[in-house]
Every structure is written in C-alpha cells, then in structure tokens.
Amino acid sequence: VTASEDSTARVWDAQTGQPVTEPLKHGSSVDFAQFSPDGKRVATASRDSTARVWDAQTGQPLTEPLRHAGWVNSAQFSPDGKRLVTASRDHTARVWDAHEPQPLTVQFKNPYDAPLNGVYHYNGRSSQFSPDGTRLVTAPSYARISFPDGMTVATASSESSEARIWDVQTGRPLNKLKHADSVTSAQFSPDGKRVVTASVDHTARVWDAQTGQPVTEPLKHRNLVASAEFSPDSKRVVTASGDNTARVWDAQTGQPLTEPLKHGNRVNSAQFSPDGRWVVTVSEDGTARVWDAQTGRPLTERKYGVDVHSAQLSPDGKRVVTASWDGTACVWDAQTGKPLTEPLKHGGRVTSAEFSPDGKRVVTASADSTARVWDAQTGQPLTEPLKHSEGVDLAQFSPDGKRVVTVS
C-alpha cells in the first residue's frame with residue numbers, strides 16, 4: 001500500500017506490481033497508509049483533515065471519514081485491529097472504533113501546543129538517561145533532557161517556537177524559552193545552570209535555567225541552527241547550521257571564539273570532545289571533520305560519498321565513530337582520519353553511532369529495524385541484532401555501560 005500527494009492511496013500486488021483496487025481517494029494529499037494486522041483493511045491519513053478505513057480487497061470505504069480539525073498525519077491500527085489512533089495538526093490525537101467511526105476516548109490535547117506528528121514518532125535526540133542511570137526520558141516531537149539533580153526537564157518542540165523547563169515532580173512548567181521560529185534542540189549545561197537552544201530562526205540562545213532569562217545576545221547564523229551543545233566545562237557552545245558552518249562561542253558573552261568551521265553543505269551536528277579540546281562535525285557534503293576548538297583549525301577529514309548523519313569522539317578523544325546513510329558506521333583515528341576497523345555494516349542507513357562510556361564498544365541504530373553492539377577495537381558484533389519492527393532512530397548506552405536504550 002502506498003500513499004501519495006496525488007490525493008490517493010493505492011493497494012498493489014507485491015509480486016506483479018499491478019494495482020489490486022481502484023485508487024483510495026481523499027480530497028487532498030495522503031501522507032500515511034497502513035494495513036491492518038490481518039491485512040484485510042487499510043487505514044489512510046490525509047491533509048483533507050480525515051482518516052479513512054478501506055477494504056484492502058475491493059477498495060471500498062468501510063467507515064465514514066474520521067474527522068479532525070486539521071491535517072491528519074498518521075492513522076494506526078491497534079495490535080488487535082479493533083481500534084485506530086489518529087494524530088493531527090489540530091494538536092490532538094484520537095482513538096476510534098476501527099469498524100464504526102465513533103471516538104472511543106476523549107481527545108488527547110498536546111500540552112506543548114504543538115501539532116502531533118504521530119503518536120509513536122520520536123525525534124532522534126529525544127531519549128536520554130539521567131546521570132545516575134536510574135531514569136529515562138523520551139517524548140514525541142520534542143527533546144527532554146534531565147537536570148543533573150533529576151528534578152527538572154527541558155523540552156524543545158520541533159514545531160513550536162519555544163522550549164520549556166519543567167518540574168519533574170509536579171509536571172509544572174517553570175520557564176518558557178521563546179524563539180521566533182521552530183526550536184530544533186534544547187540542552188542543559190553540564191553544571192545545570194544554563195540551557196542552550198537552537199532554532200530555525202537562524203539563532204541559538206543561552207538561557208539562565210532558573211529564571212528563563214537570556215544570558216547572552218543571540219548566537220547568529222545565516223540559516224537554521226540544527227544543534228547547539230555546551231563544552232564539558234560549560235564555558236563554550238558549539239552550533240551546527242544550515243549555512244554550511246559550525247561555530248564555537250563564549251557561553252558567557254555570546255561572542256564567537258574562532259572563525260567559522262566551514263563545510264561545503266549543511267552541517268548536521270557539531271560536538272566537543274570529552275576534554276573540550278576538539279570539535280567533530282558532520283555534513284551533508286559527505287565529510288566528517290575534527291577541528292581544534294581553540295583555533296578553529298581543521299585537523300583531520302574523512303570523506304564519504306553520501307550524507308554523514310552523526311559523529312562522536314571516544315571518551316579518550318583518540319577515535320571517532322560516524323554514522324552514514326551508506327548503511328555503515330566507521331571507527332577511525334581522530335588524528336589521521338584512517339579507519340581502525342572494517343565498516344560496521346547494516347542493511348539500511350545508520351541513524352546513530354555511539355561509544356560506550358569505557359570506549360570499548362560501539363552501539364549503532366539503523367533503518368534496517370535493528371541496533372547492534374560492536375567491539376570498538378575489532379569491529380566484530382558482540383550481540384545478536386537488537387530487533388524492532390521498524391527503523392531504529394537512536395541507540396544509546398546507559399552511563400554504566402550495562403544497558404542500551406533504543407528508540408524506533
């Protein structure tokens with residue numbers, strides 16, 4: 001079953017490629033289509049503000065349209081096929097009887113006043129262990145990062161112009177950190193005193209985590225800022241931008257500390273080494289680079305033929321692991337750029353790759369519906385694949401290295 005911007009979904013014979021039914025028609029683009037667990041029905045979600053359930057053999061609608069007040073982004077059957085959950089840009093999700101167009105529950109209002117992009121969708125940066133490893137925070141369409149004291153949380157909505165800091169015990173919002181456009185990331189400083197946010201409005205901002213007031217002038221780029229992270233000592237910030245650069249800033253004054261770290265295309269991420277001496281960047285120009293964080297001078301480069309999604313330095317700062325859309329992760333020498341193992345291969349693009357806290361292992365996540373744990377010295381897999389039923393967006397070790405959390 002396929003969904004298309006031509007306002008239809010279609011059911012096809014997977015052996016012959018021939019259509020099985022007439023087109024399943026909506027009044028606008030169809031963004032989502034999915035079979036029921038028994039394969040006899042199809043659910044579709046459309047920008048015409050409706051979802052529909054169809055007979056997969058005949059193409060006939062089985063219910064009246066399931067109506068929202070805005071685009072419907074997804075429609076998913078429950079495991080038993082008896083219910084359907086829809087998510088909409090009207091800021092609600094709803095649960096329906098899959099055979100009769102009656103809502104079974106009250107609608108779930110998104111408390112962050114942002115459209116719900118799918119009930120089960122998680123952003124790649126939205127899962128993190130607490131520092132003591134006893135808690136985990138995840139959230140749809142925004143990032144949650146725990147304060148070191150475990151009492152407050154920062155959230156950033158991918159479709160809202162504000163980040164928020166929350167009291168974990170009460171669920172009460174403490175501060176709203178506002179940008180002029182969508183917020184792409186939010187992170188506490190290691191000392192817990194400040195928050196840095198990145199936004200589509202071409203800026204990153206540093207805020208006082210207690211008062212919610214800006215600490216510096218905006219950290220300005222010429223295009224969207226994809227990420228912003230503190231240095232280990234909390235004194236600097238590194239930003240990655242769609243203007244093809246990363247930048248290192250003074251977190252107290254907001255002044256740039258180096259010349260721009262330039263790539264040939266959008267910079268997807270920028271991260272300090274554990275000792276704060278280096279910065280590693282990855283870009284849609286197909287390269288990963290290591291830079292001197294004090295001078296901005298490039299030290300090494302590793303070239304790929306495709307987009308590089310993420311990079312992380314090992315705890316000792318001597319190695320880099322990169323995740324690439326060519327279906328591999330690679331462990332390489334941070335000084336020379338030479339690979340240290342054979343490629344860590346998956347059957348689909350690799351969405352994240354991270355070292356364990358002791359640097360001896362690597363965990364990767366892939367669109368092939370698996371995560372894998374590898375020996376960082378030999379490149380050999382250490383476990384059977386960690387399987388999900390769909391693509392894995394993120395895999396991360398706990399602080400003690402004994403567990404892995406995956407998000408799919």
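This report walks through the sheets, cores and charged residues of a predicted model.

## Reading the model

Because this is a prediction, local features need pLDDT of at least 70, side-chain atom pairs count only at pLDDT 80 or more, and totals for chains, interfaces and linings use all residues. Residues are numbered from 1 along each chain as its sequence is written, and side-chain values use heavy atoms, with hydrogens and water left out.

## Two open sheets

Let us start with strands, which are DSSP runs of E with at least two residues, numbered from the N terminus. Strands of a sheet pair through backbone hydrogen bonds, either parallel or antiparallel. Here, two strands count as paired if DSSP finds at least two bridges between them.

S1 pairs with strand S2 (residues 8–10) over two bridges in the antiparallel sense, and Ala-3 stands opposite Ala-9 in S2.

Another open sheet has four strands, in the order S4-S5-S6-S7, again with antiparallel pairing. Which strands stand at the edges of this sheet? They are strand S4 (30–35) and strand S7 (66–67); each has a single partner strand, so one side of each is left without a neighbour in the sheet. Strand S6 (residues 50–55) and S7 are joined by two bridges and pair in the antiparallel sense, with Arg-67 in S7 as the bridge partner of Thr-50.

## The nonpolar cores

Buried means under 20% relative accessible area, exposed means over 50%, and partly exposed lies in between (1.4 Å probe, protein chains only). A nonpolar core is a set of buried Ala, Val, Leu, Ile, Met, Phe, Trp, Tyr and Cys residues joined through side-chain atoms within 4.5 Å.

The largest nonpolar core has 13 residues, and Val-280, Val-290, Leu-313, Val-320 and Trp-332 have the most contacts inside it. Strand S27 (278–283), strand S28 (287–292), strand S30 (308–313) and strand S32 (328–333) each give two or more residues to this core. A second, separate core has twelve residues, including Ala-43, Val-72, Leu-84 and Trp-96.

Is strand S31 (residues 319–324) buried or exposed? Six of its six residues are buried, so S31 is largely enclosed by the rest of the structure. Arg-319, Val-321 and Ala-323 lie on one side and Val-320, Thr-322 and Ser-324 on the other, and both faces are covered.

S31 pairs with S30 in the antiparallel sense over five bridges, and Ser-310 stands opposite Ala-323. These two strands form a hairpin with five residues between them, where Gly-317 in the turn has a positive phi of about 75 degrees. Five bridges also join S31 to S32, and that pair runs antiparallel. There, Thr-322 stands opposite Cys-330 in S32. S31 and S32 form a hairpin too, with three residues between them and Gly-327 in the turn at a positive phi of about 85 degrees.

## Salt bridges

Side chains of opposite charge can pair when their charged atoms come close. A salt bridge is a side-chain nitrogen of Lys or Arg within 4 Å of a carboxyl oxygen of Asp or Glu. How many salt bridges does the structure hold? It holds six.

One of them joins the side chains of Asp-31 and Arg-47 (3.1 Å, N to O). This pair links distant parts of the chain, with Asp-31 in strand S4 and Arg-47 in the loop between strand S5 (41–46) and S6, 16 residues apart. Asp-31 is partly exposed at 30% relative accessible area, and Arg-47 is partly exposed at 29%.

Asp-285, Arg-289, Glu-301 and Lys-303 are linked in a network of salt bridges. Within this group, Arg-289 meets Asp-285 at 4.0 Å, N to O, and Lys-303 meets Glu-301 at 4.0 Å, N to O. Arg-289 is buried at 17% relative accessibility, whereas Lys-303 is exposed at 65%. Asp-285, with 24%, is partly exposed, and Glu-301, with 34%, is also partly exposed.
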